[in-house]
Amino acid sequence: MEDHTKPVKIAEDIYWVGHKIENDPFQCHVYLIKNGKESILIDPGSNLTFKDTLYKIEQIIPFSHIKYFICHHQDPDITAALETIKHILNRDDAQIISHWRAIELIKHYNLNIPFICVERNNWELNANGRKLKFIFTPYLHFPGAFCTYDVKSKILFSSDLFGGFTDEWKIFAEDESYYDSIAAFHAHYMPSKEILIHSLKKIEELDIEMIAPQHGSIIKKHLIQPIIKRLKNLDCGIFLLTQTSTEIEKLRKLNKMLSAFLQTMATYKDFSELIKKFSKEINDILLIKSIEFYTYFLNKYYYFNHHTPLMWEEICIDNHILKYLGKSKSEYLKQNPYIILFDNSLMMPIFDSENNVIIAFIQIKFDESFSLDLETKEILQKISNFFTIAFEREFIRRKILIEKEKYYEISIKDPLTNCYTRHYLHEAVKRFIALQDRGEIKALGITFIDIDDFKRINDTYGHDVGDMVLMKVGNILLEEVRTGDIPVRYGGEEFLIMAICDDVSKLYTIAKRIREKIKNIKWPPPLDKEKITASFGIALREKGEEFKKTLKRADIQLYKAKQSGKNKICVDSST
Ligand SMILES: [Fe+2]
Ligand SMILES: [Fe+2]
């Protein structure tokens, strides 16, 4: 059991002379370096604690032996006791050591003790041979904050740095779990991770035996490195403090969520990943059952949930809240609170970046009934901005995709006949050939189709009529092929069907049906006296055969069909 009523020797000539305040998680410490008539008092304390501090000092040395009063910054828990000190001090050469920025404030106590500025004394003090070095730790948590390193004992008097909030205070930190109380304090009092790391790096350069902070517990050597390492990863600077909350742990968690969102936004680009990561962060704080989304995109309503962010399911809206999707923000807020609460869920709108229109709603469902406090509401409001960016990015991506598909469609489909283009055939063929060569399909068939005497029809009746014939033949092809077959307008009046098949007979049957259908078309005038037919040439690709060669063999059969009187189907018998 630690005895806090007496000074505690923490190293040769160095004592804790603080005062324990009961039921206070924010203990403030004072340290004494016994150094003859040039003894040093570090962070003297306040009038709440000084009486006890004085009592402890007097058990070690007469108070008049203290020459230097180091004030690491100007907070009242460090300096308010100076007012008392000025009355009991009975030596003229005593000095207050601080940074000029703190001195500018401490002088308002109207003291009669002279100041020494650390920065004017080359950041060091020689107290009758005892050397102290001062380490500048700006903005932790005051612009002129610094720490003191005692060269002899290798103790760092770290002021608020490494301080902690703790309910069960002990003079010495027992294990690494002390980090938790440091984290709670630093997240609140230190402005940012970057600023903290800057000073931690300076501190790491010192050979430190022990850290004696002004709050929390003293850290012995073996715990120093692990704690610094963890501190470097702490997201501190709670810039989201609400006006009411004093719930430290909760604010820390909420703040952590916001930093996580920021980081996610910077590192993840993909919508699906963003939504999953965001949902996970929310879940860590709010313990949710599900997060669902409703969104409005290109005049349609969609639903998805956090497990399937890319599966946008089109829905109809008849809900009195969801009907505000795509409507103005002001219209919505006139009728509804920003966040709508049901028993076990909440509904929150996401506005577009110009803040005029509702582009989505997030519905968060909970296992149990949920009450919304001010902090959570503010945080949700903040994170909704991240969702705005995520949604708008996704809208742009989807629009580009739709455009691309449109152009692709144009490039693969012949606008007159709606059959595929030759360009597409060459793309598709690669896949089909690979399938056949891997043995996943038995055979690949090519059927060439050429309209007989098309040139005469074109020359006699003109291009419009010619186009009409091509269109009709194209339609028949589209009707007659099976799903998965590729009907192609190969060029001019020549068509082709690429098909997966077991043998040639199926291709022959399809060709026959097409030939009959074409022959039997009842043409409108001026073609009503014409009988239009087509010739067919079929070949199967051999495994490993160059596609060009298969085409050539089918083309030879087409030529044969033409030679033998047209309106015929010829099949390559070599396969
Ligand atoms: Fe402070
Ligand atoms: Fe402090």
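Where does histidine 141 lie? Histidine 141 sits in the loop that runs between strand S9 (130–136) and strand S10 (146–150). Keep in mind as you look around that this is a predicted model.

## What to expect of a backbone

Most peptide bonds are trans, and most residues other than glycine have a negative phi.

## Two cis peptide bonds

Let us return to the loop we began with. The peptide bond leading from leucine 140 to histidine 141 is cis, and its omega is near -5°.

To find proline 526, look in the loop between helix H15 (504–519) and strand S23 (534–541).

## Two aspartates with positive phi

Aspartate 13 has a phi near 70°, a positive value in a residue other than glycine. You will find aspartate 13 in the loop between strand S1 (8–11) and strand S2 (14–16). Is this residue, aspartate 13, buried or exposed? Aspartate 13 counts as buried because its relative accessibility is 17%, and the cut-off for buried is under 20%.

Aspartate 43 also has a positive phi, near 50°. Its place is the loop between strand S4 (39–42) and helix H1 (50–58). With a relative accessibility of 2%, aspartate 43 counts as buried too.

Methods:
Residues are numbered from 1 along each chain as its sequence is written. Chains are lettered from A and ligands numbered from 1 in the order in which they are written. This is a predicted model: local features need pLDDT of at least 70, side-chain atom pairs count only at pLDDT 80 or more; totals for chains, interfaces and linings use all residues. Side-chain values use heavy atoms; hydrogens and water are left out. Helices (H or I, at least four residues) and strands (E, at least two) are DSSP runs, numbered from the N terminus. Buried means under 20% relative accessible area, exposed over 50%, partly exposed in between (1.4 Å probe, protein chains only).
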